[in-house]
Amino acid sequence: MTTHRPTQDTSEPAGDDKLAGLLAKLDAAITLLTDSLDFAKPGKLPRVLDTARRVLLQEGGAAAVEARARALEEAGVFLGSDWETPQYLVPSLTTHALKSADPHTVVIEALSELRLLAVAKGEYLHPLVSAEQAHHYLTQVMALNLWLLFGAPSEAERETQGRLAQIPRHLFHHLAERIGYEHIIDKLIEEIWRILQQRPIQVEPVKQMVTQIAICQANPAIDLGTSGQGADRLVSSLFGPTQACREDPGVDVYRGRLSSMDSAALQGEATGFARAMHDTGLVSAYHPVLLRHLLDHGDHLLAEALGLSSTGRDCLLCYRELVHALIRGGVHPATPQAAYGLALMLERGILYQPPVAPAMWRQLGLSLSEWSQQRLNLTFGDAISPRARLLEGVLCMLGQPLGVGQGNNPTCQSARALSMWAYNDPDYLLQMVAWAARDDEIIMHFEGMPLSSMASLSGVAQTLPMDLDPVSLIVVPHLDRIYAEMGRRCIGREGDPHRWVNPEFHGWWSGRGFRINVDVATGQLQDLDTFLRHFYASYHPYYNGNQPLIHPQPAGIAVTDSAARFIGWHAITVLRVSLDPNDVMRAYFFNPNNDSGQDWGDGIKVSTAGKGERFGESSLPFEQFASRLYIFHYDPLERGELAQITQEELDRVTGYVHRSWGADRIPPMGLQADAGQEPNGN
Amino acid sequence: MKKDPNKGYIALLGWSLNAIEAAENFDRRYVVVAPDWAEEYCQKHDIPHVSWNFERLNDRSLEIAETLKEMGVDVAIPLFEETVEWAGAINSLLLDSPRLYGQSLLLRDKALMKRRAQLGGIRVGIFEEAHDKADVIRFLKRVNQTLLKLDGDPNDPIHLKAFDKAGCLGHRVIRTPDEVDTIPDEEFPVLMESHLDGWEFAVEAWIHNGKIAFLNISEYVTLGYSVFVPASPELEKYRPQITAQIEKLIKAFDIEFGLIHPEYFVTSDGEMYFGEVAYRPPGFKVFELLERVYGFNAYQASMLVFDPKTTPEEVSAYFPKEVVDADGYAGCFGVYPRRRVVSKLEIPEEVEDDPYFESHELTPPLEETVTKRTAFGTHWGLIYFKGDEAARMKELLKHMEELDFYV
């Protein structure tokens, strides 16, 4: 009845009484869990997790747990949780789990990693994952959490986790020793490039990872082998992109060097910075020093240093005074990304829209409310004035409208709105920023009724979001409350509230026509065929008279995980539909998630680069996109005939739906019609 | 485990996963009688189940007894205070013994219980029923007059307890007439008792055929906070007297079988005072502590002594020898937040690093503001310890009271 397992003590330091005592307790707890019936397991689990936590706090604890990985899994530690199916685990979710304040979450994540380590090392033949898969997964996890390997616990971690923060660190040192540092670095570099290709506004996490690599390379104790070669561009773009700052001399020294340079040398510096910035989307702190210096050296060099094309240069020359003021007010060594935002904003030519330039002047002189100043200082520190910080945010958002991210908050709607305005209606965005930052209040209208963000009780987010870019930080709390209030105004109406909320919230260009393929009351799929035909007729160039999409349109998707299981409803923007370089019709869209390169399962992998995407765009072949769509808007006056899509194409899309989020939403009729269909893929 | 059709068929009254797990791993057939919210869970996990809502006994009460009888159930075991009289009613039908119902009512009412004990020659403190606050003030005065206190001397406290609730629920200590005002009117009527200065302990006794099959003494370090088993040698030296007391109790209440859980005080002169007795498993997870040191499952032990088909040989083979067969001392401590505002659970490092520390059942706080404790209140979770020395265990459990687990 009782399964006694031999304890392999070979990897445990001898004479460590404390660890040995804890291990005896752990083994007893594992035995209790193993022997208990399924329904009683949840009651025995906390003791296993808690004892494992204490073991993991000890030196050598991770090795001891690794030796027990199989026993732990077989006892049922992962039963009924996502960790039960390691083949579907998503590496990027580990960060959140390991930072959790809940000890059980941290421990179970650590146990899962150690289990996969045993699998990767061939010590544990797992029925669901191969050693290669496990190895691959672990290197990704390591790369994503490199901060755990090299950094001491931050103040935030100490505050939320206390002693618990030691566990991920012990775990990662153990993992790194067993897997080898060289695997991690290359993976990490690849990962950084993948994220940078999406050109996010918030680059702080990327900068941290690049810094980690730089530290790693400089540490003689870490043997990177042949790995890490691809990191040079990343490291140099942050710490030494040009001749005069190659050895990272510090901002003051660099400023001194600039003062003794002739124009040829300045030209060289300008080109070097511009290339680094446009290559990576990262801006070195030295770059603003040069830009500020060049304000007195002619606009030719300034345009060069911003890496502008003829469009951008024209814009710079037209709005010379404004650009100079923007550089003086917003581009500092503490706000280097403002340079990139400025360059891209000039390239977009939006200053030529009559209200934008005056609105930028207002932004330059905007006095921020006490509350806005506090929030900016609290989040970004007070190395620079809150106004400059916000200006950096504004420049970045106008330059990179698709770089907006929602952070770790349920505010995809607000993030989408900001991105849409920056993209389509920049002066409206500037108006919103002014109201929010100066007046602490935004008023929007819903069906003729004014809604004030001050009067609305609560938003979708339960707590004030902090992990955002400066503009979102100030504006999102207001938008979120208004959005939630609009939803409350729709309570009692039949159908999905987005029908009314989306056009009122985002802008007049959101189509008032609305289609949804889910019956709100039952959650069942509804009229999937006509929904799809209508979507094709509205958006697909082959079926809508080859009309490119004019305005960005809000749409709703059913997000699925890498096993094609439904996760939740999500707000995105459809930007355009066109042929990619391989002549595949693709939908290009904006996803306010922070990293859009997601695997939605069943062969659907969202692409973010290499398929004709512009910076920040996500894309999918049109069919695959249609299969995850559940809400779209259209102009009711332009509604054409339902598209005559071939049955095969329709079946393919329906197949994707039925194999994923629609699997348990098929109404009785549909089930019979498709009873003979075999799921494929996966 | 495979069920033996020649042995009894047992109904468990009330919902306890630990009891169900024990029953599942025991050779008796069983059925869980629990409210209908448990039905879905039972179906999902193949747990034999009969839905029944335990409200007050009423004219439908016979229905559950008859249902169980038709199923061939031999005996019902109460798992909670609230199901004690149900078990009495059901067993009086199943075992064709009407007095079992009367017995269960005695065991449910603390005032009746004390009278019966007194009649059986068992020493109890001074007690009285109170119907309103004036009764309480009068009793407090009288008790203190009896103790020859002068005006201005600090009063000896009195204890107030609900008639029919388990353990510390509704238990208050009153020292001054002012404190009487804090008792809400809806708590009346209550039982009042004089305070006995002494060493309080509890007993778990499994009884079969009117004889003690196993007698455990649970030592309280601080009432409502901590308990450990087996008792320290200092308390165990009273075992013969305690056994004699339990035998008196069995006789006074006419108990043939089952598990009783009485509480006593032993005063400094070695005199035993009876507190109360319950006919159900004790709170504070004493069952788990017993399993930790003796290795037998106390729920299974209860099923054994309740089952009318159990033989005396089976009983004597089942139970270990008290104290000598225990492989150490197991104790637990009930954590109450000590601060008014708490934000998180933080087990003190000295606790976690203590070799006696085994595990805990504490969960993070759901609310930041701690409700002010009225009466004894309910603890927020237990921490378990095990070790070799009773004295060290006692000291450790006592020390826990000075630590913050919620900060």
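Student: Are H7(A) and H10(A) parallel or oblique to each other?
Tutor: Keep in mind that this is a predicted model. Helix H7 (residues 131-144) and helix H10 (residues 166-179) of chain A pack at an angle of about 130°, so H7(A) and H10(A) are oblique to each other. Their axes are 11 Å apart, and the crossing is left-handed.

Student: Which residues make the contact there?
Tutor: From H7(A), you've got Leu138(A), Thr139(A) and Met142(A). H10(A) brings Phe172(A), Leu175(A), Ala176(A) and Ile179(A). By class, that contact has 6 nonpolar residues, 1 polar and no charged.

Student: OK, next pair. At what angle do H25 and H26 of chain A pack?
Tutor: About 85°, with the axes 9 Å apart. H25(A) is therefore roughly perpendicular to H26(A). H25(A) covers residues 426-439 and H26(A) covers residues 470-489.

Student: Switching to chain B. How many helices and strands does it have?
Tutor: Chain B has 15 helices and 16 strands. It's 407 residues, and buried ones make up 40% of them. If you take its contacts with a separation of 6 or more, 65% are between residues 24 or more positions apart.

Student: Is helix H12 of chain B mostly covered or exposed?
Tutor: Mostly covered: 8 of the 9 residues in H12(B), which runs 298-306, are buried. Among them are Tyr299(B), Met303(B), Leu304(B) and Phe306(B).

Student: What does Ala19(B) touch?
Tutor: Leu12(B), Leu79(B) and Tyr299(B), if you leave out residues up to four places away in sequence. Ala19(B) itself lies in helix H1 of chain B.

Student: And why does Ala19(B) count as buried?
Tutor: Because it has 24 C-beta neighbours inside 10 Å, and the cut-off for buried is 20 or more.

Student: How many residues of chain B are in contact with chain A?
Tutor: 12 residues of chain B, and they are in contact with 14 residues of chain A. Helix H1 (17-24) and strand S15 (357-360) of chain B each supply at least two residues of that side. The chain B side has 3 nonpolar, 3 polar and 6 charged residues.

Student: What ipTM and pTM does the model score?
Tutor: ipTM is 0.73 and pTM is 0.60. For the separate chains, chain A averages a pLDDT of 88, with 93% of the residues at 70 or above. Chain B averages 87, with 94% scoring at least 70.

Student: Where does pLDDT stay under 50 in chain A?
Tutor: One stretch is residues 1-15, for which the model has 18 contacts beyond four places in sequence. Another is residues 670-682, where the model has 9 such contacts.

Student: So how should I treat coordinates where pLDDT is low?
Tutor: Don't read them in detail.

How values were computed: Residues numbered from 1 in each chain as written. Chains lettered and ligands numbered in written order. Predicted model: local features only at pLDDT ≥ 70, side-chain atom pairs only at ≥ 80, totals over all residues. Axes fitted to C-alpha atoms, helices over the stretch in contact; angles between N-to-C directions. Helix = DSSP H or I, 4+ residues; strand = E, 2+ residues; numbered from the N terminus. Parallel < 35°, antiparallel > 145°, perpendicular 65-115°, else oblique. Left-handed = near helix turned anticlockwise from the far one by under 90°. Contact = placed C-beta atoms within 7 Å. Nonpolar A, V, L, I, M, F, W, Y, C, P; charged D, E, K, R; others polar. Buried ≥ 20, exposed ≤ 12 C-beta atoms within 10 Å, placed from the backbone. pLDDT = per-residue confidence, 0-100.
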